[in-house]
Amino acid sequence: MKIKGVLFILICICFTACVEKEEARILYLAHTLPQTHPVHKGIVEFQKALEKKSGGALKIKIFPDGQLGSEREVLELLQIGSVAITKVSAATLSNFVPEYHVLGIPYLFRDKQHQFDVLEGEIGKSILEKGSKFWLRGLCYYDAGSRSFYTSNKAIRTPEDLNGLKIRVMNNQMAINMVNALGGSATPMAYGELYTAIQQGVVDGAENNPPSFVSSNHYEISKYYTLDQHSSVPDVLLIGTKQWEKLSDEEKQWVQDAANESAQAQKQFWADSVEECMKIVKEAGVEVIIPEKSLFTDKTESVLKAFEKEHPELSEIVKDIKSQ
């Protein structure tokens with residue numbers, strides 16, 4: 001992104017805020033997703049709910065599609081107060097707030113209901129609040145699904161089937177350790193290069209959730225999709241503390257209530273998207289495999305032990321989650 005373009009948009013934001021100040025307080029929300037994405041749809045519900053709850057006193061202006069920069073860049077804009085709110089992956093947020101690292105542990109959640117119970121309960125709320133000391137206050141979580149393996153020429157039914165396969169992963173140590181522990185060869189690579197890499201056999205496959213598998217068109221060249229659901233890293237809706245502290249107690253309650261309401265609506269948007277995408281995948285001739293998940297969880301115990309050794313201060317959170 002060109003710096004001049006971002007500066008121009010920020011200047012426009014400040015000007016608009018001054019013009020509209022008498023009518024309503026405008027909170028600017030930036031994120032990187034397209035407007036067709038189920039998480040963006042959840043954000044629109046947040047926008048609607050806040051305006052309704054506040055009687056028009058608080059309004060959200062959304063800048064989607066990475067208009068104001070990458071997730072990391074927008075987080076930095078929140079920290080200095082130039083933008084009020086954003087949505088980022090908990091994986092990105094973990095580089096700012098260590099507690100979010102926990103949510104990337106493979107096979108952390110037993111199932112979707114366990115995940116929602118944790119995130120919407122005391123553990124999840126506690127993690128959201130941890131960001132305040134880094135000027136990033138969590139409001140709620142959005143469902144970003146579960147990541148699973150897909151491959152071009154060989155089905156993965158057990159961890160042994162991963163032996164010798166090059167699997168593209170994000171440049172994230174947890175993801176790298178997980179694939180290697182399962183017997184594969186973790187291969188960090190830019191997402192934009194992945195279609196060609198699978199097509200040309202540079203890698204044998206990758207891992208992602210169903211909406212991403214479809215929107216990337218990777219299902220066209222990957223004919224096996226193994227729903228092992230090894231990681232379920234949520235998205236997080238955040239408000240910068242510099243903006244949060246400008247709100248009255250009543251306004252803060254409106255914002256929090258609207259966020260909670262949007263999170264419930266977004267769950268359904270995500271579920272609908274997954275259902276639609278799985279239909280597309282099956283119609284394209286992709287074999288969908290439901291493996292015995294315990295075979296995979298057992299082989300990734302070493303990843304959890306290494307994490308707890310490296311982050312002993314976070315091990316209690318892991319234990320609390322697993323015991324819930």
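Two strands count as paired when DSSP finds at least two bridges between them. With that in mind, welcome to this predicted model, in which 5 strands form an open sheet.

- The strands follow the order β2-β1-β3-β10-β4, and their pairing is mixed.
- At the edges sit β2 and β4, each of which pairs on one side only.
- From one strand to the next, the twist averages 25°.
- Look at β3 and β10: they run antiparallel and are joined by 5 bridges.

**A closer look at helix α2**
- Helix α2 covers residues 38–53, and at 1.5 Å a residue its 16 residues should span 22 Å.
- The end C-alpha atoms of α2 are 23 Å apart, which agrees with that expectation.
- Several residues of α2 are buried, including V39, I43, F46 and L50.
- Among the elements covering the buried residues of α2 are β1 (25–30), β3 (85–89) and α11 (249–283).
- After α2 comes G55, whose phi is positive, near 65°.

**Aromatic rings**
- The structure holds 5 aromatic pairs.
- One of them is Y150 with Y225, an edge-to-face pair with 6.1 Å centre to centre and 70° between the planes.
- This pair links distant parts of the chain, with Y150 in strand β5 (residues 147–151) and Y225 in strand β9 (residues 224–231), 75 residues apart.
- Both Y150 and Y225 are buried.
- The ring centres of F213 and Y225 are 4.4 Å apart and the planes are at 40°, so this pair is tilted.
- F213 belongs to helix α9 (residues 210–215) and is 12 residues apart from Y225.
- Both F213 and Y225 are buried.
- Together, Y150, F213, Y219 and Y225 form one aromatic cluster.

**Lysines over rings**
- K61 lies over the face of F63, at 5.6 Å from the ring centre.
- K267 lies over the face of F116, at 4.1 Å from the ring centre.

Key: Residues are numbered from 1 along each chain as its sequence is written. This is a predicted model: local features need pLDDT of at least 70, side-chain atom pairs count only at pLDDT 80 or more; totals for chains, interfaces and linings use all residues. Side-chain values use heavy atoms; hydrogens and water are left out. Rings of Phe, Tyr and Trp (its six-membered ring) pair if their centres lie within 6.5 Å; planes under 30 degrees apart count as stacked, over 60 as edge-to-face and the rest as tilted. Helices (H or I, at least four residues) and strands (E, at least two) are DSSP runs, numbered from the N terminus. Buried means under 20% relative accessible area, exposed over 50%, partly exposed in between (1.4 Å probe, protein chains only). A charge sits over a ring if NZ of Lys or CZ of Arg is within 6 Å of the ring centre and within 35 degrees of the ring normal. The expected span of a helix is 1.5 Å times one less than its number of residues. Contact means heavy atoms within 4.5 Å. Axes are lines fitted to C-alpha atoms, for helices over the stretch in contact, and angles run from 0 to 180 degrees between N-to-C directions.
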